[in-house]
Amino acid sequence: MKITFNRTKYLLIGLCTCSLLIQTGCWSKDEIEELSIYVGVALDQAKETKLEAKLGKLAVNANDRKLLSVTLQIVNKQSEEKGGNSAGDPATKAYLNVSETGDSIIDMIRQLSTRMERPAIGHHLKVIVINEQLARHKSMYQLLDFFLRDNDIRPNCVVMMSSGLAKHTLEAKGNSIVPAFRLMGMLENRYRTLKIMPRMTLYKLEKHMHAESSYMLQNVVAAEGEVKLSGAAVIKGKTQKFRGLLNEEELLGVILLSGEAEGGIIKCVNEKTNEMIAYELKAMNSEIYTSVDGDNVSFDVKMKSEGRIIEDWSENSGPIDDAYRAGVEQSVEREIMRLAKQGLDKIQKEYKADVVGFGTRLSIEQPKLWQKVKKNWDQAFSRIPITYSVELTITETGTEKSQ
Amino acid sequence: MINNNTDQITTAQAAVIVSNFLLGTGVLTLPRVAAEAAGTPDVWLSVLIGGMIAIAAGIIMAVLSKSHPGLTVFQYNKSLLGKWIGGLISAAFIIYFFMLAGYQVRALTEVTSLFLLEGTPSWAIIIAFMWVSLYLMTGGLNPIARLFEIILPLTIVIYLFVMFMGFSIFELDNLRPVLGQGFMPVLAGVKPTALSFIGVEIILILTAFMKQPAKSVKAVVYGTAITVILYLITVIMVIGALSVDGVLTRTWPTLDLVRSFELPGLIFERFESLLLVIWIMQIYSSYTISYYAASLGLSQLLNINLTSCLFALLPVVYIISNIPKNLDVLFAFGDLLGNTAIYLVGCIPFALLLLTKWKKGSRG
Amino acid sequence: MNDNLLENLSLIQEKTKYYSDVVVRPFALGDSGKAGAIIFVNGLADRELIDQHILKALMSIHVDQASITKNYIKNQVLSVSQLTEASSIDEFIPKVLLGSTALVIDGFSEALVIGTAKVKSRNIEEPISEALVRGPRAGFNETLSDNTALLRRHGENASLAFMSIQVGERAKKDLIIAYIMDIADPDLVEEVRRRVLKIDIDNVMESGYVEQLIEDNYLSPFPQVQSTERPDRVIAALMEGRVAILLDGTPFALIAPVTFSMLLQSPEDYYERWMAGTLLRLLRFFAALISLLTPAMYVSFISFHPGLIPTKLAISIVGARVGVPFTSLVEALIMEVAIEILREAGLRLPKPIGPAMGIVGGLIIGEAAVQAGIVSPILVIVVAITAISSFAIPQYSAGISLRMLRFVPMFCAAAFGMYGVILFFLMLCAHVVKLKSFGVPYASPAVPYRLSDWKDFFFRMPMFMMKQRPEMLHTKNQKRKRN
C-alpha cells in the first residue's frame with residue numbers, strides 16, 4: 001500500500017509538470033495594454049463619417065447593408081496617463097471615438113479590428129446612448145440584443161437616449177474629459193436635482209423587455225462638446241420602440257408620482273406674496289393605492305414629502321410663522337399637483353405607457369386581476385382613473401428665520 | 001475491510017461534505033431553473049420546500065445507513081438484496097455518481113470558458129482540474145474532508161459578503177406578490193429545484209466512515225440546512241434584484257446578479273471574481289466527492305484497489321463530460337440526473353430501509 | 001598497556017604520530033621516585049586545571065613509593081570531579097582527543113582519564129534571527145549544557161525530562177530530546193525517539209540535518225519541524241505538550257510537531273495584550289496570503305481578466321504598461337528574481353553595508369527600471385508589497401517556503417489566469433491537509449474543526465480563556481490551570 005502510494009505521488013507530480021509545460025501555450029492570454037477598452041457606445045441612424053466614406057471607396061468588398069452607425073468611445077491611455085500627472089489639459093484628447101456603419105453591431109465592433117492595432121473589449125462599457133430616431137424604427141430587442149448577450153459586457157451598463165445625434169453626446173471640448181465617464185458622473189447627481197431619473201441599466205431593461213412593460217430612458221442632448229440631461233424618452237412596452245419624449249417638467253412630474261425623487265428643488269410662485277419661492281425636497285415617497293370595483297380599477301397616489309425653504313424672493317421681511325409656512329406648503333403642493341398632472345396626462349393619455357409602475361402595484365395587490373389585464377396593460381392603463389394628492393411638510397427654513 | 005480505522009471522519013466533517021456536495025452548479029442556475037417552472041416570485045418557497053424534502057430524504061438515508069454501521073451502500077446492498085440485484089443497484093449508484101462528476105466538470109468548463117478563459121480549449125481546463133482533484137483523492141477520505149472544511153467556511157463568508165453587496169440593487173417589489181397565484185406555481189417549482197439538492201445521497205457512503213455513525217442524521221440535517229439557507233439567500237437576492245422576468249432569459253443568473261452592480265472605491269469594485277473563485281472551489285468539492293464515491297463504489301463492487309480505480313476512471317469521466325453538445329443538452333442532462341436522483345435517492349433507500357427493518361424484525 | 005611507563009609512552013607516541021596537537025608531558029611524582037606522564041590535546045584541555053590540580057598535586061607528593069596506589073592518587077591527590085579509568089591506549093586516546101587528560105604512571109597498568117575538557121562557549125546573547133520587541137533577550141548558544149541549563153532554569157524541574165542520544169556515526173554528537181513528562185503524549189515522545197534513533201549518517205552538523213532526517217515528507221515545501229533559538233519559545237512549546245530536540249554545537253533547537261498556524265505565530269502574540277496579539281496575528285495571515293498570491297493575481301488580471309478589475313484601475317494600468325516590452329509574467333519574474341537576489345546579497349554583506357545596499361537596489365533599480373520602460377510602476381508596487389509581506393512572517397523558514405512557493409502560482413496564472421491560481425490554491429490546500437507532522441495534521445487546528453483550539457489560532461484569546469492545552473496534541477494533562 002505504502003509503495004503504491006508513493007508511486008502514485010511520483011506519477012502525479014510528473015504528469016502535473018508535463019501538463020504545465022505543455023500548457024504554457026497560454027491560449028487566452030491577452031495583455032491588457034494590447035486591448036482597447038471601450039467605455040461608451042453610441043447607436044445612430046446610418047450615416048457614414050467622411051473617413052469611413054473614403055475608406056469605403058478605397059476598400060475592396062465593402063457591401064454591408066447600412067442600417068445603423070456605431071460609435072465606440074475608447075479610452076486613450078497615453079493621454080489618460082498624462083492627464084493624471086499634470087493639472088492642465090493634456091495635449092491630446094483622453095478618448096478616441098471611432099465610428100462604423102453597417103448592419104450587425106458586433107460585426108461593426110469587430111470590423112474595427114481591421115482599422116485599429118488593438119482589438120476592442122467591452123468589459124468596461126459604462127454607457128450606451130441610442131439615437132431616438134433609430135429607436136423609433138428599431139426595437140430595443142434588436143438594438144440591445146448584442147449587449148445583453150455578450151459575456152464581456154456587464155449588465156450594469158447604463159442605457160440612455162439622445163434626441164440629437166447620439167455620437168455627439170460622446171464628444172467633449174476639453175482634453176481631459178472622457179465623455180462616457182462624464183455622463184455617468186452626471187447621473188450620480190440625482191440627490192441634487194429632480195430632473196434626472198434613476199439609471200436604467202441593462203439588467204433592468206432585460207426585465208422590462210421580457211415583461212413587455214413600458215419604461216423611460218434618460219434623454220441626453222449635446223451641443224458643442226457639452227451635454228445636458230434633459231427629459232426622458234418613453235419606450236412602449238409592446239413594441240419596445242421609442243414612443244415620445246417627456247420634457248423636463250413632465251419628467252419631474254413622473255418622478256414625483258413614482259416617488260423616486262432623492263432630492264432637489266421645486267420652485268413655484270408663492271400665492272401670498274406673488275414672488276418666487278424654492279422648496280428643497282429632502283425626503284419623498286409615494287404610495288399607490290389600488291381599488292377594484294368589479295373590473296374597474298382605479299389608483300390613488302399619495303405623495304409625501306419633507307423639505308425646507310431654500311430661497312425666497314419676497315421682499316417684506318416678516319418672521320416665518322405657521323400661517324406663512326402653511327401658505328408656502330400649499331403653493332408647493334399645488335405646483336407638485338400641476339407637475340404630476342402634466343406628467344400623468346402625457347404618459348397616460350398621449351403615450352399610453354405606464355412608466356410609473358402602476359402595473360407593478362396592481363400585480364402585487366391584485367395578482368389575479370393582473371393576470372387578466374397584463375397582456376394589454378398599457379391600453380388598459382390609459383383608461384384607468386387616477387387620483388393623486390400631496391402632503392408636504394416644511395421642516396425648516398434654512399439659517400434664516402424671516403421671509 | 002476498506003473502512004480502516006485511520007480514515008474516519010467526524011460528524012462535523014460529514015456535515016461539511018454533505019453541504020459541499022450540495023453546493024455546486026445549482027448556485028448559479030437555481031434561480032432561473034426555479035423561476036422557469038414556477039413563473040412567480042414565490043420560488044424561494046419552492047426552494048424551501050425542496051430543501052425540506054431533501055432533508056427528509058437525507059434522514060431516511062441516514063437512518064438506513066446507520067443500521068448498517070461500517071458498511072457503505074454498495075456493501076449492504078448485497079447482503080440485503082443478494083449479489084445480483086444488490087450489485088445492480090450499486091452499479092446504478094456508481095453510474096449515477098459518475099454522471100454527476102461528468103456533469104460538474106462540464107458545467108465548470110462552460111462557466112470558466114465563458115467568463116474567465118475564453119479561447120482556452122476545454123480539455124486543458126478539465127485535465128488540470130481533474131489532476132488537482134486526483135491529487136487530493138489519493139489521500140483518502142480524511143484529507144478530502146479536511147480540505148472541504150477549509151473550503152466551506154471560505155465559501156460561506158465570501159458568498160454572504162458578495163450577496164450582501166448585492167443589496168444595493170435589491171428591490172422588494174420584485175419578490176412580491178407572495179403567493180399571488182396560489183400555491184400551485186410553488187409546487188411546480190419544487191421539482192426543478194431537485195437537481196440543486198441532489199447530493200444528499202452521499203450520506204449513504206459517509207456514514208460508513210463516521211466515528212459516530214449514530215449521529216449521521218444530525219450530519220445530514222445540518223449539512224443540508226446550510227445549503228438550503230445559502231440557496232434561499234441566493235434565490236431571494238437574485239429574484240429580488242433581477243426580478244422573475246429578468247432571470248428567465250439569463251443562463252447564469254447568480255453571476256449576472258453579481259455582474260449587475262459595481263461599488264466604486266472598494267478595492268474590488270467588481271465582485272464576480274470572488275464569486276467565481278468560490279464557485280470553482282465548490283465545483284471542485286462536488287466533483288471530488290462524487291468521483292470518489294463512484295470510485296469507492298466500483299472498488300467495493302468489484303473488489304479492486306481503490307487507487308487504481310481512481311486512476312482508471314479518469315478518462316471515463318472526461319468522456320462523459322464531453323458528451324453534451326451544447327449548454328441546452330448539458331442542462332437537459334442535468335435534469336435527467338435530477339430525475340434519476342428522485343428514484344435513486346427517494347425510492348430505493350426507502351425500500352432498503354423497510355427491508356432492513358423487516359429483516360431485523362423477522363430475525364428478532 | 002603494561003605497567004612500564006617508558007614502553008607505554010613509546011606506544012602512545014607511536015599512536016599519536018599524526019596528532020601534532022597531542023602533548024605528552026612526563027614528570028616525577030614528588031620525591032617518591034616514581035615517574036608519570038600526562039597526555040592532553042593542546043587547546044582542548046583546560047591548562048589551568050592541569051597545572052593547578054593535576055601537575056601541582058602530583059609533583060608535590062611526599063609519601064614513599066609503596067603507598068602510591070591507584071586509589072591513593074584518585075582519592076587523595078587529584079582534586080578533580082570527573083575521573084575514569086582506561087585499561088588500554090586505544091580506549092583513552094579518543095577521550096583525550098575530545099579534551100580529557102590521560103594520566104599514566106609507572107607501575108600502573110591502567111590510565112586515569114581526567115575530564116579536563118574546556119569548551120569555549122559563547123555568551124548568552126539575544127537571538128539574531130528572531131528579534132522581539134518584548135520578551136526575554138536570551139537565546140541559545142552552541143553549547144548543549146548551556147542550553148539545557150537555560151531550559152532547566154525556567155522552573156519546570158520535576159517533570160522536565162532530557163533524553164540523551166548520540167547521533168552521527170563518526171562524529172558522535174550529543175542530542176537531547178526534551179519534553180515534560182506529565183504533559184507530552186508518550187506516543188509522540190516515542191515517535192520522536194524512534195525517528196532520531198533511525199538517523200544514520202556519519203556526521204550531524206547542525207539541527208537542520210536532524211530536521212531533514214526526521215521530517216515526514218521531504219517533498220513538501222513547508223517545514224514540518226520548527227527551529228528556534230529562543231528558549232522561551234521552546235518552553236512554551238513544551239508546556240503545550242510538544243517535544244523539543246537540542247543538538248550540541250548549534251543554537252537552533254527543534255520543536256515537533258508543528259502546524260501551519262504555528263509558523264505564523266510569534267511569542268510576542270502572547271507577551272502583548274490579547275487585542276494587539278490578535279490583530280498582529282491576523283495581519284500575518286493576511287501578509288502570508290499577499291506574499292503568496294499577489295504576483296500571481298497581477299499576472300492573471302493583466303494577461304487574462306481585464307474585465308475583473310475596476311475601470312479606473314484598468315485604465316491606469318494600461319497607461320502604465322504602455323511601452324513595456326514584456327508580457328506580465330516575464331516582467332513579474334524579472335522583478336521578483338531581482339528582489340530575491342537583492343535580499344540574498346543584502347543578507348551576506350557586512351552589517352553596515354547591508355541596508356545601504358537594500359536601498360540602492362530597491363529604490364534605484366526599481367525607479368530606473370520604470371524610467372527605462374522595462375517594467376511598469378504598478379508591478380514595482382506589487383513586488384514591493386510582496387517582499388515586505390514575506391518579511392512579516394516571523395519564522396524564517398516559513399518565509400522561505402512562501403517566497404519559494406509564490407513563483408508557482410505565477411506560472412499557473414500565466415497558463416490559466418485566475419482559474420490557474422484557484423487550482424494552485426486548491427492544490428496547496430490539498431497538500432497541506434494531506435501533510436502530517438509527527439502524526440498531527442499540518443492544517444490543524446483549522447481542520448479538522450477543534451473549536452477549543454481555535455482560541456489560539458487566528459485569534460489570540462485573552463489569557464483567562466485559554467485554559468486548555470491544544471487538543472490536537474493529545475496531552476496527558478489538558479488543563480493549564482489549577483482549577
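Start with an open sheet in chain A, whose four strands run in the order β10-β11-β12-β13 with mixed pairing. Strands β10 (264-269) and β13 (386-396) of chain A stand at the edges and have a single partner strand each, so one side of each is left without a neighbour in the sheet. Neighbouring strands of this sheet are turned against each other by 40° on average, direction ignored. Two strands count as paired if DSSP finds at least two bridges between them. Strands (E, at least two residues) and helices (H or I, at least four) are DSSP runs, numbered from the N terminus.

This is a predicted model, in which local features need pLDDT of at least 70, side-chain atom pairs count only at pLDDT 80 or more, and totals for chains, interfaces and linings use all residues. Residues are numbered from 1 along each chain as its sequence is written, while chains are lettered from A and ligands numbered from 1 in the order in which they are written.

Look now inside the chain A sheet. Strand β11 (residues 276-293) of chain A runs antiparallel to strand β12 (residues 296-312) of chain A, and 16 bridges join them. One residue pair can be picked out: Tyr279(A) has Ile309(A) in β12(A) as its bridge partner. Helix α11 (residues 358-365) of chain A packs on the sheet and touches β11 and β12 of chain A. The direction of α11 makes about 40° with that of β11(A). Another helix, α10 (residues 322-351) of chain A, lies across β10, β11, β12 and β13 of chain A. Helix α10 runs at about 145° to β13(A). Axes here are lines fitted to C-alpha atoms, for helices over the stretch in contact, and angles run from 0 to 180 degrees between N-to-C directions.

The loop between β10 and β11 of chain A holds Glu271(A). Glu271(A) counts as exposed because it has 12 C-beta neighbours inside 10 Å. The cut-offs are these: a residue is buried if 20 or more other C-beta atoms lie within 10 Å of its own, exposed if 12 or fewer, and partly exposed in between, with C-beta atoms placed from the backbone. Leaving aside neighbours within four places in sequence, Glu271(A) is in contact with Gly327(A), Gln330(A) and Ser331(A). Contact means that the C-beta atoms of two residues, placed from the backbone, lie within 7 Å. Lys238(A) is 33 residues from Glu271(A) along the chain, and their C-alpha atoms are separated by 43 Å.

Step back to chain A as a whole. Chain A has 13 helices and 13 strands. Of its 403 residues, 43% count as buried. Take the contacts in chain A between residues at least 6 apart in sequence: 74% of them join residues at least 24 apart. The average pLDDT (the predictor's confidence in each residue, from 0 to 100) of chain A is 84. In chain A, 90% of the residues score at least 70. Over residues 79-87 of chain A, pLDDT stays under 50, and the model has 15 contacts beyond four places in sequence for them. Where pLDDT is low, the predicted coordinates should not be read in detail.

Chain B averages a pLDDT of 86, and 98% of its residues score at least 70. Residues 1-5 of chain B stay under 50, with four contacts beyond four places in sequence.

Chain C comes next. Chain C has 16 helices and twelve strands. Its C-alpha atoms fill a box of roughly 105 × 60 × 35 Å, taken along the principal axes. Of the 483 residues of chain C, 42% count as buried.

Chain C also has an open sheet of five strands, in the order β1-β2-β4-β5-β3 with antiparallel pairing. Its edges are β1 (22-28) and β3 (83-86) of chain C, each with a single partner strand, so one side of each is left without a neighbour in the sheet. The twist averages 25° from one strand to the next. Four bridges pair β3(C) with strand β5 (residues 111-114) of chain C in the antiparallel sense. Within β5(C), Ile114(C) is the bridge partner of Leu83(C). Helix α4 (residues 89-97) of chain C lies across β1, β2 (35-41), β3, β4 (101-105) and β5 of chain C, at about 50° to β2(C).

Finally, chain C meets chain B: 22 residues of chain C are in contact with 27 residues of chain B. Helix α16 (residues 407-434) of chain C gives the most to the chain C side, with twelve residues.
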